Structures are given as C-alpha cells and as structure tokens.
Amino acid sequence: MVVMLPCPGTAGADTTVVPYSLSKQSNQFSREDLREIFFGRRTRWPDGTTLRVYVLPDQHPVHVRFAKEVLGVYPYQLRSAWDRMIYSGTGTAPIVIDTVEQMQTVIKQTPGAIGYIEQ
C-alpha cells in the first residue's frame with residue numbers, strides 16, 4: 001500500500017508534490033510532523049521503527065517545490081540544518097536520491113522509508 005499525504009499549502013499548475021511512504025502511520029502527519037522528520041528532529045515512526053528519509057538533490061525542481069510548498073521553508077534552510085547536524089555530530093542528513101523514479105523504488109524496498117514524489 002502506498003500512502004500519499006494531502007499537503008497543506010500545495011500549489012502548482014498541473015502537479016502536486018506529496019510525501020511518499022509505504023507506512024500506514026504516515027497518513028496522519030501534519031506539516032509540522034513532516035518538518036520534524038525532514039529536519040531530522042524526529043527519527044522514528046510512532047511504532048518505534050527507524051525513519052529512513054530520502055530526498056532529491058538540492059537543486060532538483062521537485063525538491064525545491066517540496067521544501068517550499070509542503071514544508072514551508074526554503075531548500076537552503078534544509079541544507080543548513082543538515083550540514084549543522086553533520087558537522088556537530090548530532091545527526092545524519094537524509095539520503096540523496098538522483099531521480100523521483102529511484103526514490104519510489106528505494107522507498108518501496110526500504111522499511112521505514114519516507115520521501116516525496118510529484119503527483
């Protein structure tokens with residue numbers, strides 16, 4: 001089962017960028033929940049399973065739209081938070097995937113994975 005969350009603040013002419021996960025638990029997340037996940041402040045699903053966060057490269061148009069429309073932040077703010085976690089040793093950055101198609105494949109194959117797709 002694939003879960004695509006409705007997103008507050010989505011915009012765009014023909015497509016919408018939505019969080020993408022196979023977890024049944026992911027359909028209850030608000031924007032603030034998603035911010036906690038993608039900023040690395042939340043590392044586990046509510047059942048205790050480890051979250052595996054996947055993102056597209058910083059300049060990828062879908063990543064830019066996800067940051068702005070779903071999380072309500074600029075992509076550089078995400079990068080800054082991830083760099084701070086890496087250099088301070090307090091966390092790890094999300095795993096970068098090159099394409100949306102690869103992201104869908106990896107998420108289907110990885111327990112606890114979450115990312116985003118264009119719909």
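Ala, Val, Leu, Ile, Met, Phe, Trp, Tyr, Cys and Pro count here as nonpolar, Asp, Glu, Lys and Arg as charged, and the others, Gly among them, as polar. By that scheme, the lining of the largest pocket divides into 10 nonpolar, six polar and two charged residues. The model is predicted.

**Largest pocket**
- The largest pocket holds about 260 Å³ of space.
- Its lining comprises 18 residues.
- Thr43, Leu51, Val53, Thr92 and Ala93 lie nearest the centre of the pocket.
- Helix 1 (31-38), strand 3 (52-55) and helix 3 (75-88) each supply at least two residues of this lining.

**Helix 3**
- Helix 3 contains 14 residues.
- From first C-alpha to last, helix 3 reaches 20 Å, close to the 20 Å expected at 1.5 Å a residue.
- Pro75, Leu78, Ala81, Trp82 and Met85 of helix 3 are buried.

**Strand 2 and its partner**
- Strand 2 spans residues 17-21 and is mostly covered.
- Five of the five residues in strand 2 are buried.
- Strand 2 runs antiparallel to strand 5 (residues 113-118), and five bridges join the two.
- Valine 17 has glutamate 118, in strand 5, as its bridge partner.

Definitions and conventions:
Residues numbered from 1 in each chain as written. Predicted model: local features only at pLDDT ≥ 70, side-chain atom pairs only at ≥ 80, totals over all residues. Heavy atoms only, no water. 1 Å grid on protein atoms, 1.4 Å probe; cavity = no way out; pocket = protein on both sides within 12 Å on 5 of 7 lines; lining within 4 Å. Points joined across faces, edges and corners; volume = space filled by probe spheres on them. Helix = DSSP H or I, 4+ residues; strand = E, 2+ residues; numbered from the N terminus. Buried < 20%, exposed > 50% of the residue type's maximum accessible area, 1.4 Å probe, protein only. Pairing = 2+ DSSP bridges. Expected span 1.5 Å × (residues − 1).
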